[in-house]
Amino acid sequence: MTVTAEKSRELLARRNQFVPNAIGIFNPSTALSAKGSIIIDADGREMIDFAGGIGVVNAGHCPPPVVEAIQRQAETLIHCSFNVATYERYLQLAEKLVNLFPHGDHTKVMLTNSGAESVENAIKIARQATGRSAVICYGGAFHGRTLMAMTLTSKVGYKAGCGPFAPEVYRIPFPDSYRYGSGMDPDAFSDIHLRELEHFFHTTVSASQVAAIIIEPVQGEGGFNVVPKKYLQGLRKICDQQGILLILDEVQSGFGRTGKWAAYQHFDVVPDISTWAKSMGSGMPIGCVIGKASIMDACKPSTIGGTYPGNPVCCAAAIATLDYMEDIHINALGEKVGNIVRGRFLSMQKKYTAIGDVRGLGAMMAFELVKHQDPFQPDADLCKKLISYCAEQGLILINAGLQGNIIRVLSPLVIEEPLLQKGLDMIEAGLDFLTKQVV
Ligand SMILES: Cc1ncc(COP(=O)(O)O)c(C=O)c1O
């Protein structure tokens with residue numbers, strides 16, 4: 001990592017001294033303030049933000065109505081705990097979420113502090129509602145870093161030495177068409193994977209013991225792998241037949257990122273339970289679990305909840321964020337940003353053989369760097385160099401994927417087109433510079 005500026009260097013040195021090394025660092029940049037799609041670093045340098053705080057600021061950094069709502073709420077009620085006293089902000093937000101994401105005739109919402117907490121609670125709810133214990137998750141999945149969430153998470157490097165993990169969690173392969181479905185009809189590829197799941201119920205765990213199957217409609221940390229439509233629809237059918245609850249994790253893919261409020265809306269599938277966080281509160285720590293009322297109400301008293309979930313200030317931020325997203329037509333912005341990024345990535349792929357695959361949904365776009373155009377030869381080194389190159393040029397970029405060889409774009413969706421193009425130009429210049437050096 002090359003950081004030339006003095007204050008940034010000092011911050012990174014203090015980080016080294018006072019903060020555990022294990023806390024991940026995707027990028028060598030620093031931050032003093034941010035607005036829209038620009039971060040001002042500790043030395044006053046303007047950086048274009050293609051990371052969006054890891055998909056948290058779809059509505060941009062510090063949107064004025066959200067800042068105002070936080071300020072106003074902080075003057076009235078910062079905390080009292082929803083377990084202690086009922087306040088309206090929680091209810092306003094729950095009602096808004098139910099209207100945006102109905103999971104059937106009657107839907108209920110519990111608020112949480114984070115994505116991982118949403119996932120933990122979704123599993124507790126599914127187990128109580130079904131009276132079953134097993135949970136099925138996927139290769140390449142990322143669901144967070146608390147015990148159940150980390151158990152469900154796939155990337156081995158994220159869990160080294162943290163076990164023993166939670167029992168009764170079973171992992172099956174994600175239908176990864178780039179690696180395993182090349183040249184195949186996507187529907188036929190889906191059918192193979194669905195049949196494998198049916199087989200799994202005989203070889204590994206009986207369907208009658210499975211409480212839930214949890215899947216990201218577009219894998220985030222796993223590298224923006226989009227689940228094939230026929231597969232997700234088939235999964236819905238199998239869950240219905242077997243009394244298994246389908247949990248869709250929308251923590252990274254939700255709130256306009258894919259050009260719709262929910263990524264699952266692209267698939268004509270409605271989950272039994274869904275998990276949310278990230279862009280819901282424009283950076284304030286808030287998430288939620290949404291589910292069919294009959295499922296949510298199957299939980300025994302006090303088995304879900306906590307001191308902070310649905311904190312009034314976070315609720316105010318989330319309500320203002322959702323209102324603002326409606327006002328600025330966030331889904332149309334997601335679609336527009338996605339089209340621009342996809343177009344540019346596809347043309348880069350034609351120029352640079354290092355790009356093995358371009359994929360994603362809406363503005364959740366990525367490209368995968370490989371050697372010799374082989375999906376099984378990831379080029380994490382080139383990816384790392386490209387991120388450093390871009391940081392030096394003034395672009396904050398992050399990777400993804402089990403082997404860290406995927407460049408993903410999670411820029412704010414409010415990014416102005418010239419700024420977006422400028423960031424994409426930097427990526428292209430980096431590829432140009434680095435691939436010529438490498439070859
Ligand atoms: C799909 C998904 N689920 C869960 C999480 C965990 O969220 P958090 O970091 O807020 O705990 C993430 C975070 O990246 C995620 O992408």
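The protein has 14 helices and 15 strands; these are DSSP runs, with helices being H or I of at least four residues and strands E of at least two, numbered from the N terminus. What you see is a predicted model, where local features need pLDDT of at least 70, side-chain atom pairs count only at pLDDT 80 or more, and totals for chains, interfaces and linings use all residues. Residues are numbered from 1 along each chain as its sequence is written.

Next, the domains. An automatic or database domain assignment sets the bounds, and the protein is divided into domain 1 (6–59 + 329–438) and domain 2 (64–327). Their C-alpha centres lie 25 Å apart. How many residues of domain 1 are in contact with domain 2? There are 29, and they touch 29 residues of domain 2; contact means C-beta atoms, placed from the backbone, within 7 Å. On the domain 1 side, α12 (330–351) is one of the elements that supply at least two residues.

Now the ligand. It is surrounded by 15 residues, and the closest are Gly115, Ala116, Gly144, Val251 and Gln252; a residue is near if its C-beta atom, placed from the backbone, lies within 6 Å. Helix α5 (residues 115–130) gives the most to this shell, three residues. The shell has six nonpolar, six polar and three charged residues.

Definitions and conventions. Ala, Val, Leu, Ile, Met, Phe, Trp, Tyr, Cys and Pro count as nonpolar, Asp, Glu, Lys and Arg as charged, and the others, Gly among them, as polar. Two residues are in contact if their C-beta atoms, placed from the backbone, lie within 7 Å.
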